[in-house]
Amino acid sequence: MRNNEKFTGNIDWLSVLIYLALVLIGWAAIYSAVYTEGLSPFNTVGRDTTVNTGKQFQWIVASLIIGAIILIIDGKFFVTFSYAIYGIFIPLLIGVMFFGAISHGQRNWIRIGSFQMQPSELAKFTTSLALAKYLSTLNIDIRKWKDKWKAFAIIGLPMIIVMVQGDAGSAIVFVVFALVLFREGLESYFLIIGGSVIFLSVIALVTPKLWYLWVVFLAVAGILSYLNFKNRQLVYIITGIALVASVYVTGVNFIFGHLKSHQKDRINVLLGREVEKGKDWNIRQSIIAIGSGGAIGKGYLQGTQTKLKFVPEQSTDFIFSSIGEEFGFAGSFLIIGLFVGLLMRLMYLAERQRSKYSRVYGYCVVSILFFHFLINIGMAIGVAPVIGIPLPFISYGGSSLLAFTLLLFVFLRLDSQRLEVLR
Amino acid sequence: MNKDLFQNRYNVVRIIIVVFAAIFLLRLAYLQLFEKKYDKIAFDNAIKEVEVYPTRGLVYDRKGELIVYNEAIYDIMVTPRLAKTADSAKICSLLKVTMEEYSGRMAKARQYSTHKPSVFMKQVSLEDYQRFQEAQYLFPGFDGQVRTIRKYPHNCAAVILGDVGEVDDNLIKSSNGYYKPGDYVGQSGLEKYYEKELGGTQGKKFIYVDVHNREQGSFAEGKYDTAARAGDNLYSTIDIKLQEYGEQLMQNKKGSIIAIEPETGEILCMVSSPGYDPNLLCGAIRGENFKKLVFDSLKPLYNRATLATYSPGSTFKPMVGLIALNEEVQGEVYTVPCNGFYPFAGLSLKCSHHHPWATNIEYALAQSCNPYFWQTFRNAIENPKYDHIQDSYGKWSDYCRSFGFGSKLGVDLPSESRGNIPSVNYFNKVYGEKGWHSSTIISLGIGQGEILVTPIQLANFYAAVGNHGWYVRPHLVKTLQQVHEKKDVKPEMKKSYATIDTRWYVPVNDGLRQVVEAGTATESKIEGISLCGKTGTVQNSHGDHHSVFAGFAPKDHPKIAIAVIVENAGFGATFACPIASLMVERYINDTVADNRIAKQQKMIETNLLEKYAQGKNMPITNGHH
């Protein structure tokens, strides 16, 4: 009895509530995206064989069951078997490349009966376990290169496998573990330089006119120099950085301009640009959908862009545009608020852990959710490259929902047991 | 417990998240709150304005028999802007066109508009259309459009009914966007004249379309839609059975038959021969057949009944007689010696018939005595009442015009000829003011010379004579059934009065009766029907004389007035008169008596086409222009 009380009492119900809210909003949004007159939200044999809300409902139920099971079993299980789970998963991840089922043009699925799932979704979870285990080991200091390399290897191995499978989008997600390493002491310049290089490369390629960037860089440098005009050295550094950045984006643009077309195509794919016909159709339609939503939206099931299939991948990659169209700025604000709320709450939980393992794992969860949030919504509103990754808890799809549920609930379970840890 | 050295980085991560969330919200605020253009783009994406085509009105004959109806066909429409990603190879194989044709058709559509639909392929069969529909999702920008084509179950009356064809560029431009390429409008005949009534009014509806341009239901429950107004049904004055019979009698001959109900001016039949099957100008076969018909040397598209003009010949004699009687320059009883020729002002004019001297107008008409009517005409022109020939001839020509000669009668068809009653000015110009006398224009007295009439004017004249001096404008439609308003509209019809006193019709009509009873047309007597009329053998410069007959029946309260012209067929009594009598008999008795079947067969079987072929390049309009 006493255990039971403690169990329910220590669960962070706020996180669970936000989770439930997102899942149910997602289900409703998917229903709207595939809606046709008279379609039941529980229908599993709908006209649309690839997307149906009945299946999504079954997955929601399955996710809740798995979440409940996780909350019952001892969190120490995951701590103890972190490496084992990670270790077993690597050959499985490789195996599907050869023995897996093909779906959506990629051989990286496991199919059991009518249920199919992508192990790469779970790789983020197993990597989080292993990374948490490693960084919480005594005397590991991420600032030392010999420890750094091992952490990079833990992250890099599944990332490379997923990349080789051809799922570049999912592979890129692993980059976000850098944020976890940063929290645990990785030198800031990794983040700053890494972030800057990625940022500058992307904007160099997506900005329509190069001189826009020069103007922005010089303007920012000018303002900063003005604010620090007493510190001559700093002014020089700022000016230098701005010049380097300008030269860098010019160089990137120049090199891109002189690439052969198939090489350009590869980079375009990486940037999520469609190479052949249609060009920016997806994003344009998504922006039209969201923009036409206005302040409060067109009303549930009233989105024309959504209902009439102008936005491709509406229930998976572009689910946010459906919400933006039907619920307007209010709906968009709510979704962003829920995500930011969840992330802040999870970080708060992570920071209160006595166990370093739990904290690191918590940051892994936060980082992964944040990255998906960032890319998916950013893509839908046209400020991030098109990388086809789902919006956690909301996008259609069993694998991702189950994987994100697993990821989140293991952390909630660890959190609920935080007082048992004496270290 | 490990010491946490980097707790401050908690805040850095928090700031990163908040900054990105703020960027998103700013971007969303811009898209959703401040930029208004997306509303319109989404609306234009999803909502399409489409025309609702009304059903074209049907046409019935005077007895309620359906003579024109609609049949559904399908046009494939294309919106070039949306069709960029269409699977062109697949379309080509489905619709059986080559890639070159495909590009050509697309170029044509683009020329009209890139963002508005126009016809890609006309009149696709139902079978092809269904296959197209199944694969339509592969062809964004392509769409099917149901249209109707006309069907004419009786295969006759082509020049009356006319045809429906694609609207031309001029009409599209002048219609202020009402007509679009590929729309159909009446091109000739009643289809053209009554286009406004038959065509109805297009409606508009706003529909949702999905990304493949497929219809997905109506916008705002049809609140902004306007319904199409169905075309009116026409109840024609035509007796389709009589029309068919007339066309049969006239087959392999050039000419026309026109029959009018004198009391109402309703046109009972209007045969222009050779005719053609109106169904030839329907649907996909239209273009090819139209070309053939246009270049046919017998001019089947030409409506001889209203457009061809002829010298009336002897059929004009009643007019000449009536004028003289009304002017009282000679009485009913008046003798002109006829020895087979007429010595006059140095001219020697011959009478074509051999008969005793005519002592009155009845007998003169019955025998069609030329000298009698020369003299009669001369009496009218040399009338001492008038000082100048300009006055007397002016009066004379006014009488003619009061019967509708020399101007368009106003029949409800797109075009009609005026014919010609030469004016005083005309003769002044040709001969000089003092240079013309009755002898100069004497041939007018027997319906030759400058006088030209259309067959319908001739029939109308005999209707007026049968009515003792009045006629109703001949017309082809008696009732417009406004399907939409559920009411019938009858065009207003007024009597027009000729300027001849009614008493003079008595002797003239007696004479016309005698023509058939005891004169030039005795072979065409009909048992029990008092047919009145006049034969004519019209000289013309293009070969043998035209055979002409015009008349009415019965003598009192006539039910039918008729004019028949068989070109280059010889004497009036040989062809035109028997054909007219058969038509009258068929109309009044509904059948032809057994003893006249042989005559009917002879008329049907007579083939004059070879004769026409010998006189090549013969213009349709005869006489003077």
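Predicted model: local features only at pLDDT ≥ 70, side-chain atom pairs only at ≥ 80, totals over all residues.
**Entry 1: a glutamate in chain A**

I started with Glu325(A), and it turns out to be buried, with a relative accessible area of 0%. I looked up where the residue sits, and Glu325(A) belongs to helix H16, residues 319-351 of chain A.

What does the side chain of Glu325(A) have a polar atom 3.0 Å from? I found the backbone nitrogen of Thr304(A) there.

**Entry 2: chain A as a whole**

Chain A has 18 helices and three strands. Of its 423 residues, 54% are buried.

**Entry 3: checking a helix**

With 19 residues at 1.5 Å a residue, H10(A) should span 27 Å, and its end C-alpha atoms are 27 Å apart, so the two agree. Which residues of H10(A) are buried? I wrote down Leu200(A), Ser201(A), Ile203(A), Ala204(A) and Leu205(A).

**Entry 4: where chain B meets chain A**

Next I went to the interface. I get 36 residues of chain B in contact with 54 residues of chain A. The two chains bury about 3900 Å² between them, with 74% of that on carbon and sulfur atoms. On the chain B side, Arg9(B), Phe24(B) and Gln32(B) lose the most area to chain A, together 18% of what that side buries.

How many salt bridges are there between chain B and chain A? I count zero. Polar contacts are another matter: I have 11 residue pairs between the chains, both residues at pLDDT 80 or more.

I then asked which elements of chain B supply the touching side. Helix H1 (9-34), helix H2 (37-46) and strand S8 (203-209) of chain B each give at least two residues. The largest share comes from H1(B), with 18 residues. Sorting the chain B residues that touch chain A by type, I get 24 nonpolar, six polar and six charged.

How values were computed
Residues numbered from 1 in each chain as written. Chains lettered and ligands numbered in written order. Heavy atoms only, no water. Helix = DSSP H or I, 4+ residues; strand = E, 2+ residues; numbered from the N terminus. Expected span 1.5 Å × (residues − 1). Buried < 20%, exposed > 50% of the residue type's maximum accessible area, 1.4 Å probe, protein only. Contact = heavy atoms within 4.5 Å. Buried area = accessible area lost by both parts, 1.4 Å probe. Salt bridge = Lys/Arg side-chain N within 4 Å of Asp/Glu carboxyl O. Polar contact = N/O pair within 3.5 Å; in protein donor to acceptor, adjacent residues only side chain to side chain. Nonpolar A, V, L, I, M, F, W, Y, C, P; charged D, E, K, R; others polar.
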